[in-house]
Amino acid sequence: MRAVQVQEYGGPEVLRTVETEVPEPGPGQVSVDVAYTGVNFADLKARGEGYRVPSLPFVPGLEVSGRVRALGEGVSGVEVGQEVAALTAGGAYADVVVTDATTVFPLPSGVDLRTAATLPTVLPTAYALVHAVGRLQPGETVLVQGAAGGIGTAVGQLAKAAGASGVFGVVSGAAKAKYALDHGYDDVFVVPSTTDSVQFVDEVRAATGGRGVDLALDPVGGETFRASLASLAVFGRLVSFGNASSAEPWRVGQPELYPTGLSVSGFSILTLAQTAPGALRALTEKAFAAVAEGVVSLPVTAEFPLEEASEAHRLMGGRTSTGKLLLRVA
C-alpha cells in the first residue's frame with residue numbers, strides 16, 4: 001500500500017510517498033481503508049519538529065474517513081465494510097490505517113465520506129472549546145484566535161448557536177477576515193504576525209465597550225496567549241488548546257488571575273483520547289449530531305491527492321488557507 005512518510009524532519013519536501021506493508025489490527029483495534037484524510041497543523045509540527053512523533057520513519061495524519069477493513073479481537077459496534085470516521089494517533093496519510101476501536105465512529109445519517117474526514121479532530125475540539133471546557137453561556141462574548149481555520153470556522157458557528165452575544169475572531173489577513181465573517185463572526189481583527197498580537201487587545205476592548213470578553217480560545221501560545229488573557233472581562237475564562245508558535249509553554253499564576261477572578265484551562269483531543277476515551281466518545285457523538293442537524297458545517301476549501309501531501313502542507317504553512325484541507329486517498 002501507499003503511505004506518506006517523514007524520514008527526517010524538515011519542510012514539506014521531506015514528505016515521501018513509499019510502498020509499505022498493510023497494517024493489521026491488534027486486539028481492540030480496527031483497520032480502515034482510507035477514503036479521505038484531514039490535514040491539520042499538528043501534522044506540520046510533526047513533520048517539522050517531531051511533535052508527538054515516537055520515532056522515524058513516521059507517517060503523519062490524525063483523522064480519516066473510509067470503510068472498515070478488518071476488526072481486531074474483541075471489537076464490537078462496527079462491521080467490516082461500514083463507513084466510518086476515525087481519530088488516529090498517526091498513520092493516516094496512507095491507504096490503510098489502524099486505530100483503536102474507541103476512536104472509530106459510524107457516520108451519522110446524511111454525512112458522506114468527504115465531509116466525514118473533516119470531523120474527527122476539528123468538530124469535537126470545537127464543541128469542547130465552546131461547551132465542555134469553555135462553558136459558554138447565552139449572552140456571553142467569545143474571542144477566537146485563528147478564526148478562519150478549521151476549528152475557528154466550527155467555533156464561530158457553534159458559539160452563535162449557543163447564544164453568544166458577540167463572537168470575535170483574530171486572523172492574519174483580510175481574505176481570512178472576510179471568510180470568518182461569513183461563518184458566525186460579528187467582528188474580526190487582522191493581526192499579520194503573532195509578534196503584533198498585543199494590538200488586538202485594544203480592539204477587543206473597544207468592541208466590547210471596554211469590558212473584554214467572557215471566553216478566549218487560544219491555539220497559538222506565547223505572546224498571543226498573554227494578549228488573550230489581557231482581553232478577558234472580569235471572571236473571564238481562557239482555554240489554551242495548542243502552541244502553534246512553538247513558544248515556551250505558558251505560565252500564569254496568582255498575580256494574573258487574582259485581581260479580576262480569571263481562570264485558565266486547557267484542552268487536547270489527542271490526550272483525551274488516551275486518558276478518557278469514554279469522555280471523548282460522548283463528546284464526539286454530540287459534535288457529530290450538530291453536523292447532522294445542520295447546526296455547523298466545515299467547508300473543504302482545498303483537496304489534494306495523497307501523493308501531493310507536501311502541497312497541502314505548503315498551503316497550510318503559508319498561513320493563507322481557510323476552512324479544511326483534505327487528502328484524497330481512494
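Buried means under 20% relative accessible area, exposed means over 50%, and partly exposed lies in between (1.4 Å probe, protein chains only). The model is predicted, so to speak of local features a pLDDT of at least 70 is needed, side-chain atom pairs count only at pLDDT 80 or more, and totals for chains, interfaces and linings use all residues. Residues are numbered from 1 along each chain as its sequence is written, and side-chain values use heavy atoms, with hydrogens and water left out.

**Exercise 1.** Find out how Phe-225 and Trp-250 are arranged and whether each is buried or partly exposed.

*Solution.* Start with the rule: rings of Phe, Tyr and Trp (its six-membered ring) pair if their centres lie within 6.5 Å; planes under 30 degrees apart count as stacked, over 60 as edge-to-face and the rest as tilted. Phe-225 and Trp-250 are 4.8 Å apart centre to centre with 15° between the planes, a stacked pair. Finally, Phe-225 has a relative accessible area of 1% and is buried, while Trp-250, at 33%, is partly exposed.

**Exercise 2.** Work out the strand order of the open sheet and name its edge strands.

*Solution.* Two strands pair if DSSP finds at least two bridges between them. The 6 strands run S10-S9-S8-S11-S12-S13, with parallel pairing. Strand S10 (187-190) and strand S13 (263-266) pair on one side only, making them the edge strands. At the S13 end, strand S12 (residues 232-240) pairs with S13 over 4 parallel bridges, and Leu-238 has Val-264 as its bridge partner in S13.

**Exercise 3.** Which helix touches strand S9 (166-171) and S10, and at what angle to S10?

*Solution.* Contact means heavy atoms within 4.5 Å. Axes are lines fitted to C-alpha atoms, for helices over the stretch in contact, and angles run from 0 to 180 degrees between N-to-C directions. By these rules, helix H5 (residues 174-181) packs on the sheet against S9 and S10, and its direction makes about 165° with that of S10.

**Exercise 4.** Describe the pair formed by Phe-168 and Phe-189.

*Solution.* The ring centres are 6.2 Å apart and the planes are at 20°, so the pair is stacked. Phe-168 lies in strand S9 and Phe-189 in strand S10, so parts 21 residues apart in sequence are tied together. Both are buried: Phe-168 at 8% and Phe-189 at 4% relative accessibility.

Definitions and conventions: Helix = DSSP H or I, 4+ residues; strand = E, 2+ residues; numbered from the N terminus.
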